[in-house]
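Dear colleague,

Please find below the structure that I am handing over to you.

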Amino acid sequence: MGVERGAVPVLLWCLATTASIGVASLALRPVLRTAVPQDSIPVAADDGRGGRQAVTQTLPPPSAPATTPSTIVIEDPSSAFTHPSTPGTTRTSQAPPTQRTTAPAPRMVDGWTVTTGPDGVDVYLKSFRSDGGDAVIRIRAEVVSLVTATPRDGYSVSQAQTEPSRLVVQFVSGNGSAAFLVDCLWWQGGPHGEVTRIGN
């Protein structure tokens, strides 16, 4: 069976068209691949006619695991720093308990008020009253020192100390007719003090 001459150009045109469509499909295939997300997965869906067709579902990009910062508390709050913990691990720290040191209550020894300093040394304190004036004496580590000395009206005050373990405070009247001596010293492992009147 021969082919009519008028049909040859039609056949050639169909073949050329088919070839161009094939070439275009091959050329566009890489472009179409990049248009579809690589993290998509095909899901079968019912098309309503009893059949199933492939549907592309796009998944959100995976997010990096978040790290929760945990604060490490160091004994010194000014040098505290934030250290990110590794996922799946928990780091906890606890500040050392604060130790409270309470000073022992003052006690009385022969009229002296005794307190213990931070270095463990006892401090002796006593107030002496006389008609010539008042003096407060302090003894620490066998050293006698004057805290305050207040003369009364008509009296003057002075002090004399020839050695660290003994101190004499003098209240003398204006005309020199009377004087009061406050004599304090560390003697035989303890504090001693007395007030002596001289003159009228």
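This is a predicted model: local features need pLDDT of at least 70, side-chain atom pairs count only at pLDDT 80 or more; totals for chains, interfaces and linings use all residues.

Residues are numbered from 1 along each chain as its sequence is written, and side-chain values use heavy atoms, with hydrogens and water left out.

The core. A nonpolar core is a set of buried Ala, Val, Leu, Ile, Met, Phe, Trp, Tyr and Cys residues joined through side-chain atoms within 4.5 Å; buried means under 20% relative accessible area, exposed over 50%, and partly exposed in between (1.4 Å probe, protein chains only). The largest such core has 15 residues, of which W112, I137, I139, V169 and C184 touch the most other members. At least two residues each come from β6 (112-116), β7, β8 (133-140), β11 (166-173) and β12 (178-187); strands are DSSP runs of E, at least two residues long, numbered from the N terminus. The largest contribution, four residues, is from β12. Beyond residues up to four places away in sequence, V169 has contacts (heavy atoms within 4.5 Å) that include I137, L146, V157 and F180.

The aromatic pair. Rings of Phe, Tyr and Trp (its six-membered ring) pair if their centres lie within 6.5 Å; planes under 30 degrees apart count as stacked, over 60 as edge-to-face and the rest as tilted. The count comes to three aromatic pairs. In one of them, the ring centres of Y155 and F180 are 6.0 Å apart and the planes stand at 55°, so the pair is tilted. Because Y155 lies in strand β10 and F180 in strand β12, the pair ties together parts that are 25 residues apart in sequence. Y155 is partly exposed, at 22% relative accessibility, whereas F180 is buried, at 5%.

Two individual residues. K126, in strand β7 (residues 122-129), is buried yet has no salt bridge, and the nearest side chain of opposite charge, D110, is 8.3 Å away. A salt bridge requires a side-chain nitrogen of Lys or Arg within 4 Å of a carboxyl oxygen of Asp or Glu. Among the residues that K126 touches are W112 and I137.

Q161 is found in strand β10 (residues 155-163) and is partly exposed, at 39% relative accessibility. The side chain of Q161 reaches the backbone oxygen of E163 at 3.4 Å and that of P164 at 3.3 Å.

Yours sincerely

Methods: A polar contact is a pair of N or O atoms within 3.5 Å; within protein, one must be able to donate a hydrogen and the other to accept it, and residues adjacent in sequence count only if both atoms are side-chain atoms. Lys and Arg count as positive and Asp and Glu as negative; His and the chain ends are not counted.
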